[in-house]
Amino acid sequence: MNQSTNWILVIPLFLLLVFSVENCTDSNAQSNINGSAEIDIQRKVKDLMSKLTLEDKVGEMTQLSIDVISKGSPFNLSEPHTLDTEKLKKVIVDLRVGSIMNVGGHAYDREHWEQIITKVQKMAMEEKESGIPVLYGIDAIHGANYTHSSVLFPQQIGMAATWNTDLVRKIGEITAYETRASGIPWNFSPILDLGRDPRWPRLWETFGEDVYLASQMGKSLIEGYQGDSISGKRKVAACMKHFLGYSCTVSGKDRTQAWIPERQLQEYFVPTFQTAIYAGAKTVMINSGEMNGIPVHCNPKILKDLLRDQMGFKGLAVTDWEDVAYLASRHKVAKNNKDAIRLAINAGIDMAMVPVDTRFPILLKELVEEGLVPLSRINEAVERILTLKFELGLFENPYFNYDDYEEFGSFENIEIAYQAALESQTLLKNDNKTLPLSKNKKVLVTGLTSNSITALNGGWSRTWQGAEEKYHTDGKPTILGAIESKIGKENVIYESEKDLRRVKAAATKADVAIVCIGEMPYAEKSGDIDDLDLTKNHIDLVKTVAITGTPVIIVLAEGRPRIFREAEPLAKAVLMSYLPGNEGGRAVADILFGDYNPNGKLSITYPRYSNSLLPYDHKHTDRFNRDYSWKGYNPQWGFGHGLSYTTFKYSDLKLNPEILTDLEPITISIVVTNTGNRDGKEVVQLYVSDKVASITPPVKRLRGFKKIDLKIGESKTVVFNIDADDIAFVGIENQWITEPGVFGIQIKDLRSNFEYKTKN
Ligand code: BGC
């Protein structure tokens, strides 16, 4: 392909890279079944549409929070939580609201979810004239986190650090099952925003900084959520969010302005969503922020031209929380709420997460009657909503019975969360083989995150902010608890980080100190920070222990890589735990004491300085240093880094053929051998770099990875295929192109080159 190639042809080809044929679930037979089911649903939607009034339709486009139908006032509900029948009737029967969301304050048990869903659906199907069931949506972002005793997995940043797509698909399956086991068929997950700015408070909700890794992970999670059909009792509709450009703000703070040039948008921010669309994602949530001066909720160029025309998305587009009203109250692009509704619906919004102001359907109806919103736009939106409701099987099975879900919270499901927590742990430093520790040592455990289950789970865990311990599942060990169980309480000294004098005294009595630092839970705006450096109290704690001479092991439980370069040299070993979920305590203890060989790899770059926050796929000039050397890129640890207790030798890098054409891919093979004295897993990472290009090329880009198991002494040959789409980039005309030339291959420290020649 050359620069004149039409990008519409190139994009799908490029994305075969992230949507590998081998993993494509559609067999011919399956697509025939899906095809006839689709026609049947289209017929049902058409039939139902012909019977609906304008009131029914604008009601369908309205999503309200459960607060609005609960006893008490919104945001201050009475406890224990109960639905208010009068409010419910007003919302469902009078306003004909099509969707309810969220949770009133904190997680419920499944009996309570059953009562809620039954009451809501009975009202919709038996008392509302249209009889259309309600679509309930929730943020089950690392397991069914708003249902008591559900399994809680690592947050997305940790899922990505496993580099294990099969495991992430399995997480999706269990999350879907446990969410449906709570009667809820729609999950506002996954986040497909790229985590390229470590300051951003939602970094831990992302799959990290790399477009290829994040695309693969997103695809796997969606496959797990949705399977081949979302109609069954085990599956939910996924919601890719937040479209588009949410994670890359100028200030690094939540819901502030982003300026993203078209080329960067296409190359870095579109592909995760495009891959998800190819994987069949049913719904999308829109970015709350503004991009290039325009709030995305009222930008038809993003919501129509890009999302629908370029990317081919056919599903339902829902707003984020209150974002239509914010067009007036925050963004100041609309005169008032009604004007904001006009802008958003005309731009392409199908459903508004209002979520507490019941005037939305009334104002939208007025706008249609006044000719300010075309009926065709309303019909298009409602058809998408009804299609989803039919696809989910809500008309046939609006209710659920929690007794039908015997696998909820099962041992097997917990084991998957445990495995994911283990595989996410990333050993960043291990001087002189300090780890693993022997189990007969006297250990000091201290630090803010050492004895807290909320610190291991982060936000969106039983409550939105995730900070209230009392709603968490009993008996889940913290890091301290897990260490005590492993080596015996008598071998553990615990000291609170608040009393440095006592910590120092305890450190002198211990053989080794495990200092757990990082962040306590937060979600969204409340996680904004003015300084990426880890707060001083954490650094002082490390210094206090280190001064005693007792070896320090740092465990980082944190949602983003907080800078701690002052403390880092004082530690003999550093383990990045991210937000590993309910089984995270056990996983950390297993790794520290050698019952598990770590194999996680960083899904982000770990910065050393707050003024050097570049991702790994930066440009060559970013490396140019003030001393005129090329040593200007110097993070604490690079993307993809992670140590093991064994050693792996890479050899025999081979390319066949050494010339790439549009007709034939190159096969790249490499032999990896476990040369150490423990069995282990290794993530083999393939990077490609363009030597010369018309747009300055990044130093390298991840273009393949495979996670393999190697017994002591075992060797495996790992094979990758590279084709022309793998070397494509967004060119001068903002279209995907390829250019002939020489390309570098890098796997671990082995390097080679190939040449790309076009047909002509
Ligand atoms: C968040 C979304 C979330 C929604 C519903 C918003 O504040 O930005 O990610 O899905 O709330 O809870």
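Me: What makes the largest nonpolar core a core, and which residues have the most contacts inside it?
Reply: A nonpolar core is a set of buried Ala, Val, Leu, Ile, Met, Phe, Trp, Tyr and Cys residues joined through side-chain atoms within 4.5 Å. Here the largest such set has 177 residues, and Ile100, Trp113, Phe243 and Phe564 have the most contacts inside it. Helix H8 (residues 211-226) gives the most to this core, with eight residues. Apart from it lies another core of 32 residues, among them Leu437, Val492, Val512 and Ala573. Helices (H or I, at least four residues) and strands (E, at least two) are DSSP runs, numbered from the N terminus.

Me: Before we go on, what kind of model is this?
Reply: It is a predicted model, in which local features need pLDDT of at least 70 and side-chain atom pairs count only at pLDDT 80 or more, while totals for chains, interfaces and linings use all residues. Residues are numbered from 1 along each chain as its sequence is written, and side-chain values use heavy atoms, with hydrogens and water left out.

Me: Why is lysine 681 called buried?
Reply: Buried means under 20% relative accessible area, exposed over 50%, and partly exposed in between (1.4 Å probe, protein chains only). Lysine 681 has 18% relative accessibility, so lysine 681 counts as buried. Its place is in strand E22 (residues 680-690).

Me: What makes the pairing of lysine 681 with glutamate 423 a polar contact?
Reply: The term asks for a pair of N or O atoms within 3.5 Å; within protein, one must be able to donate a hydrogen and the other to accept it, and residues adjacent in sequence count only if both atoms are side-chain atoms. The two side chains make such a contact at 3.4 Å.

Me: Why is the pair of phenylalanine 743 and phenylalanine 754 called stacked?
Reply: Rings of Phe, Tyr and Trp (its six-membered ring) pair if their centres lie within 6.5 Å; planes under 30 degrees apart count as stacked, over 60 as edge-to-face and the rest as tilted. Here the centres are 5.4 Å apart and the planes are at 15°, so the pair is stacked. Phenylalanine 743 lies in strand E27 (residues 741-747) and phenylalanine 754 in strand E28 (residues 750-756), eleven residues apart. Both phenylalanine 743 and phenylalanine 754 are buried.

Me: How many aromatic pairs are there by this rule?
Reply: The count comes to 20. One aromatic cluster is formed by Trp163, Tyr212, Tyr616, Phe639, Tyr687 and Phe705.
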